[in-house]
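Hi everyone, and thanks for coming. Please take a look at the sequence and the structure on the screen, and then we'll walk through some of its features together.

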Amino acid sequence: MTERIPCIREGCANTILPATAVRTGGYCMPCKQEMEREAQQKYIEANRRNVNLYEGMTDPVEILKIMHTRQAHDPLIRYVPYEESQEQVYLSLSMEQQALMIDYAMQLIRAGDDDTGKDILVYLVCYHDISLSAQILELLEREIYYPVILYKSASAEVRDQLIQQVNTDDENRNNLLLMLAYIGDEVVVRQFQQWRQSPPHWAVQLHVAPEHHTTEAGWELTNEGQRRDLFTTPSYALYKVIENTGTDDTLIGDPMSMLLPSANNCKWCGRKLTTLIELDVGHPALQDVAWNSERLRVQTCVICSCYGVVYMEMDSAGELCWSAHNVMPMGADDLDPDDYAQLAPDAGRQFRIAIASRQAYHASEWAMEPSLSQIGGHPGWVQDAEYPNCPCCSSRMRAVGQLDWSEVEEYGDGMYYMFICEPCQMTAVSYQQS
Ligand SMILES: [Zn+2]
Ligand SMILES: [Zn+2]
Ligand SMILES: [Zn+2]
């Protein structure tokens with residue numbers, strides 16, 4: 001039997017056959033492989049170069065085209081990111097440049113790159129509310145039924161065609177109903193009302209009644225058959241500044257009272273409630289909101305609202321109080337508040353509210369990673385649209401804002417949605433995560 005010999009690498013206890021030692025120079029295979037990896041890594045670090053694809057570029061259309069092009073992975077190249085985010089570049093587009101981006105997206109779709117083409121169109125619809133009425137027929141011919149928000153601006157002709165198609169197209173019915181919900185004009189509202197009054201034969205195949213698809217597009221059909229919007233407008237971004245970099249520009253944002261500990265305690269877990277936002281009702285972001293006190297304050301228990309909706313009401317003195325209607329969610333009594341880090345008392349210090357409003361649907365496609373935190377605007381649902389009912393009057397409550405928790409805490413996750421019922425002066429907070 002051949003005698004095994006020790007690997008010559010310091011600290012290695014492996015033994016190898018003499019034949020292996022001849023091939024590896026005396027090292028065991030794991031050591032040899034590790035040394036090769038290290039050498040490779042050293043080579044990459046010594047030879048990697050920065051490549052700036054945006055060098056000297058000023059045209060946002062060209063910049064976006066590059067941003068949407070996947071670069072082949074090369075370990076020896078480090079691509080320098082553009083100085084602005086993709087969202088910022090999109091927002092800077094002029095009308096003419098938006099039109100060029102539409103053309104580019106359609107070229108990509110025609111060439112078979114549907115995914116990139118659709119992404120570009122979604123950004124243009126969300127950030128600029130552009131009309132795609134000239135493109136929608138072609139999208140339909142190419143059997144593109146998703147994302148449904150692309151169909152918001154469909155012509156009356158296309159709308160009527162979609163209403164017909166809902167009756168016959170079993171496969172795409174769900175998306176067709178959502179497309180109609182986004183179109184949401186008088187004809188669509190009447191059609192949903194008719195479907196509610198006399199449910200069509202295909203309604204039994206749906207998970208929910210046809211008219212319940214409208215909440216995904218931010219409105220509901222009232223008992224009287226009218227459209228009622230479920231979110232406030234306009235939309236103002238809430239964003240976080242990076243302190244001490246000189247980028248805190250008061251030309252684009254105002255300080256805002258956010259994330260302060262409240263004097264009230266959570267009746268479920270006993271911890272202090274948090275005032276997510278506090279805003280003067282005279283602020284233009286709340287022009288659509290009828291509120292009886294001088295400031296709109298939305299409070300919740302940031303732990304318990306992950307398990308169920310937390311309602312707050314106003315007492316006769318105008319003070320916020322825990323609503324008697326709150327129903328402890330399953331499992332909330334088992335929560336150990338000590339498992340959760342206390343929110344830093346200055347967690348809201350870096351937040352600002354934008355000076356200028358943005359498009360109402362700016363943040364509505366959560367998965368496209370827009371800046372999500374906002375007052376007003378269509379919610380960016382992580383899961384299905386879910387507007388809580390007011391426990392006093394049972395109406396659906398209107399969304400008044402949302403907070404992206406990944407911006408609040410280092411390892412934060414998920415989204416807090418804020419709602420109001422104006423007749424009852426009730427607020428609610430719910431939570432979704434992926
Ligand atoms: Zn070894
Ligand atoms: Zn709690
Ligand atoms: Zn109510």
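Which protein atoms are the donors of the zinc ion (ligand 2)? They are the SG atoms of C266, C269, C301 and C304, lying 2.2 to 2.4 Å from the ion. A quick word on where this comes from: this is a predicted model, where local features need pLDDT of at least 70 and side-chain atom pairs count only at pLDDT 80 or more, while totals for chains, interfaces and linings use all residues. Residues are numbered from 1 along each chain as its sequence is written, chains are lettered from A and ligands numbered from 1 in the order in which they are written, and side-chain values use heavy atoms, with hydrogens and water left out.

By donors I mean N, O and S atoms within 2.8 Å of the metal (3.2 Å for Na, K and Ca); water is not among the atoms, so sites may look incomplete.

Back to ligand 2. Along the chain, its donors follow the spacing C-x2-C-x31-C-x2-C. One pair links distant parts of the chain: C266 sits in the loop between β9 (257-265) and β10 (272-280), and C304, 38 residues apart from it, in the loop between β11 (295-300) and β12 (310-314). Strands here are DSSP runs of E, at least two residues, and helices are runs of H or I, at least four, numbered from the N terminus. The site is tetrahedral, with angles of 104 to 114° among the 4 donor atoms. For four donors, that word requires all angles to lie between 85 and 135 degrees.

Are C266 and C304 buried or exposed? C266 counts as buried because its relative accessibility is 3%, and C304 is buried too, at 0%. Buried means under 20% relative accessible area, exposed over 50%, and partly exposed in between (1.4 Å probe, protein chains only).

Now the zinc ion (ligand 1). It is coordinated by the SG atoms of C7, C12, C28 and C31, at 2.2 to 2.4 Å. Why is this arrangement tetrahedral? Because the 4 donor atoms subtend angles of 104 to 115°. The spacing here is C-x4-C-x15-C-x2-C.

Finally, the sheet. An open sheet of 9 strands runs in the order β8-β14-β7-β15-β16-β17-β18-β12-β13, with antiparallel pairing; two strands pair if DSSP finds at least two bridges between them. At the edges, β8 (253-255) and β13 (320-322) each pair on one side only. Strand β12 is joined to β18 (residues 426-432) by 4 bridges, and Y311 has A428 in β18 as its bridge partner.

How values were computed:
Four donors count as tetrahedral if all angles lie between 85 and 135 degrees; four count as square planar and six as octahedral if opposite donors are over 155 degrees apart and all others between 65 and 115; anything else is irregular.
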